[in-house]
Amino acid sequence: MENKKQVVMLKIASELSSLSTCSRLKVGCVITDEKFNIISGGYNGSVSGYKHCKDINKEKKSPCICVHAEQNAIIRSNQEFKLNKFVFVTTFPCYDCLKLLLSFGVKKIFYINNYRKMEKQLELCKNIGIDTCRVNI
Ligand SMILES: [Zn+2]
Ligand SMILES: [Zn+2]
């Protein structure tokens, strides 16, 4: 059942990623408690109230105007940061998002795709003792 829940959460993250308006990469994120109850979700998109990345960044320059999926999921959550959480992402978090997630109480990271650069993130997870789990859905 636990494996099934992991896959379902990653499928929801994947659905959320389809709403992304980033010209570079579409990412979805779901944050749950340790019993897989959904706390929050998000996808990457432009700063609230501003034009879409796909409309103003056709050259796909980096960094773009987008708020990352993990950042949006955290912003939309009203859970206190001390509660232990799991995160489900379509692409492994960038270094900044990883730091935010860990400080937000995330204890385990489930993901579908590798990020283009993730050595630093994996090292931090290892040093802090955070599990990472790549799942095929
Ligand atoms: Zn973007
Ligand atoms: Zn990020």
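In this predicted model, asparagine 37 sits in the loop that joins strand 1 to strand 2. Asparagine 37 is exposed, because 9 other C-beta atoms lie within 10 Å and a residue with 12 or fewer falls in that class. Across the fold, asparagine 37 and serine 77 are separated by 40 residues in sequence, and their C-alpha atoms are 13 Å apart in space.

The loop between strand 1 and strand 2 also holds phenylalanine 36. The backbone of phenylalanine 36 is worth a look, with phi near 65°, a positive value in a residue other than glycine. Phenylalanine 36 has 16 C-beta neighbours inside 10 Å and so counts as partly exposed.

Another positive phi is found at lysine 60, where the angle is about 60° although the residue is not a glycine. Lysine 60 belongs to the loop between helix 2 and strand 4. This lysine 60 is exposed, since 12 other C-beta atoms lie within 10 Å and that class takes in residues with 12 or fewer. Proline 63 is located in the loop from helix 2 (53-56) to strand 4 (66-67) as well. The peptide bond leading from serine 62 into proline 63 is cis, with omega near -5°.

Serine 20 is buried because 24 other C-beta atoms lie within 10 Å, where 20 or more are needed. Once neighbours within four places in sequence are left aside, the contacts of serine 20 are Lys26, Val27, Tyr43, Asn44 and Gly45. Serine 20 and isoleucine 74 stand 54 residues apart in sequence, with 16 Å between their C-alpha atoms.

What does valine 87 touch, not counting residues up to four places away in sequence? The partners of valine 87 are Cys29, Ile31, Glu70, Leu101, Val106 and Ile109.

For helix 4 and helix 5 (residues 119-128), the angle is about 20° and the axes are 9 Å apart. Helix 4 is therefore roughly parallel to helix 5, as angles under 35 degrees are classed in this way. The crossing of helix 4 and helix 5 is right-handed. On the helix 4 side, the residues in contact are Tyr95, Leu98 and Leu102, and these meet Lys120, Gln121, Leu124 and Ile128 in helix 5. Sorted by class, the contact between helix 4 and helix 5 comprises five nonpolar residues, one polar residue and one charged residue.

Definitions and conventions
Residues numbered from 1 in each chain as written. Chains lettered and ligands numbered in written order. Predicted model: local features only at pLDDT ≥ 70, side-chain atom pairs only at ≥ 80, totals over all residues. Contact = placed C-beta atoms within 7 Å. Axes fitted to C-alpha atoms, helices over the stretch in contact; angles between N-to-C directions. Helix = DSSP H or I, 4+ residues; strand = E, 2+ residues; numbered from the N terminus. Parallel < 35°, antiparallel > 145°, perpendicular 65-115°, else oblique. Left-handed = near helix turned anticlockwise from the far one by under 90°. Nonpolar A, V, L, I, M, F, W, Y, C, P; charged D, E, K, R; others polar.
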